[in-house]
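Let's take a friendly walk through this model together. Have the sequence and the 3D view at hand, and follow along.

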Amino acid sequence: MQAADKQPETHAWRRGLEPKIGLSGKLLLLTIPLILIAEILIYVPSIANYRLNRLNDRLAAANTAALVLDASPSGRVPDSLAQQILDSIEARAVAIKMGQQRRLLASSNLPTKIDHVVDMRNVTPWGAILDSFVVMLESGNPAIRVVGPAEGNAEFIEVVIDAAPLRNAMYRFSSNLLLVSLTITSLTTGLIYLALHFLFVRPMRRLTANMVNFRRDPESPASIVVPGPRGDEIGLAERELSDMQRDLVSMLHQKSRLAALGLAVSKINHDLRNLLASSQLLSDQLSSVPDPRVQRFAPKLVRSLERAIAFCQSTLSYGRAQEAAPDRRSILIEPLVNDVRETAGLADEASITWVSAIERGLTIDADPDQLFRVLLNLVRNAAQALEGQPRNDANLQQIRITGRREGSVTVLEVSDTGPGVPQKARDHLFEAFHGSVRAGGSGLGLAIAAELVRAHGGEIKLVEGTIGATFRISIPDRPVDLHSLRSERARA
């Protein structure tokens, strides 16, 4: 019930983390303010430049009018003509300065005061921008005196104009510029949005949808993403995701097979333990039979059954592939090797020659049961490797066990004269279900042997350059605790 309750909570939590706005929406929300910023950056200098151009146009028209007014024979023109000239240049007065004399060429309805003075000879960009917004935000019709360079020998020319016509022209320019820029930027934004959507957002949505589907059924090969032909980072992400999903599917399949195998092994061990217990009861009765041969083999049979029962019990107790910690002690190797030979059925095997070359009195600091399993697996593998070999010469079928001491390390070698280990099996020699040499084999023997040897702090490896296959086992002695040793000697 707890697991069932936790699953809806997990889904609810994940639903709370789902984005309310998708990647496309975020892209659109990001694009809009960027476009507005671009509009402002375009509009501000444009309106300032438009105002300066309008004022320069007034100055140019005033220079033309000054030439006309100055060319009159009497130096004066009729008021009607002066009014027409001022209306044509949209000005109230035109004056010119020549030397020390300042001359008013024409005027009409002069204002009582001048509100703004603009000197076009020393205009700064920042000042032009500020003055433009001052004109647009003002109300009424203030007077502006514009000063600029004059034609001919004049020092400068000045013209007085109204701010209202300039403001209205700036408003019209702003509306036209806004309309055109919005049209252009909208089209540009749409194209950029579509390009980003098809180039990035859609592939990312495809990857995200595939991840969601793969999470729902991670063992289905149909959930693996199919990478596209793109050569950029998204294409690389698709290929890497596809490879990762394939590896994960393979691992999950292997895990499922191992879980099923583990359950089957547990069931077999359970029933096998009961059968071995019954066999142990029968073997106990054999010990009372007076036959010398029975008396010779009965203890070994009992010992083998005890080992099998203990191993089945440990498998059921632990429920996992991890081996128990070795119960190490100093034991003689030669009797253990003889037990291995008899258990493997090679004591009476005439077709395979057994050679034992172990130093006299050689001992090893190891767990006797686990070392027995290691040697038995290696000897059985050697015997299976010799199966199918020619039997006309017994010397060609040989299993040899050697043992020696190298300082604090005991070295054992198990070799045979079989066909050797193929290169394909050497790459995963000590891995379960990968290092099998025989067809139909599981490779568990070498994997178990390697695990037990490593538990002793030792090493097992395949010796290169030998006839057949030679496996070398090196197990170091445990370090001696001097303090404990001295305490034991003191108590003794």
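## The chain as a whole

Among contacts in the chain between residues at least 6 apart in sequence, 68% link residues at least 24 apart. Please keep in mind that this is a predicted model.

The chain contains 12 helices and 12 strands. It has 492 residues, of which 32% count as buried.

Now let's turn to helix 4, which covers residues 125–137. With 13 residues at 1.5 Å a residue, helix 4 should span 18 Å, and its end C-alpha atoms lie 19 Å apart, which agrees.

Which residues of helix 4 are buried? They are Ala128, Ile129, Ser132, Val135 and Met136. Looking down the axis of helix 4, you will find its buried residues within an arc of 130°, so they line one face of the helix. On the face of helix 4 turned away from the buried side sit the exposed residues Trp126 and Leu137.

## Where helix 4 meets helix 5

Helix 5 spans residues 163–216, and its axis comes within 9 Å of the axis of helix 4, crossing at roughly 105°. That makes helix 4 roughly perpendicular to helix 5.

Helix 4 contributes Ser132, Val135 and Met136 to the contact, while helix 5 brings Ala163, Leu166, Arg167, Met170, Tyr171 and Ser174. By type, the residues of this contact divide into six nonpolar, two polar and one charged. Ser132, Val135 and Met136 of helix 4 are also among its buried residues.

Definitions and conventions
Residues numbered from 1 in each chain as written. Predicted model: local features only at pLDDT ≥ 70, side-chain atom pairs only at ≥ 80, totals over all residues. Heavy atoms only, no water. Helix = DSSP H or I, 4+ residues; strand = E, 2+ residues; numbered from the N terminus. Expected span 1.5 Å × (residues − 1). Buried < 20%, exposed > 50% of the residue type's maximum accessible area, 1.4 Å probe, protein only. Arc of directions from axis to C-beta. Axes fitted to C-alpha atoms, helices over the stretch in contact; angles between N-to-C directions. Parallel < 35°, antiparallel > 145°, perpendicular 65-115°, else oblique. Contact = heavy atoms within 4.5 Å. Nonpolar A, V, L, I, M, F, W, Y, C, P; charged D, E, K, R; others polar.
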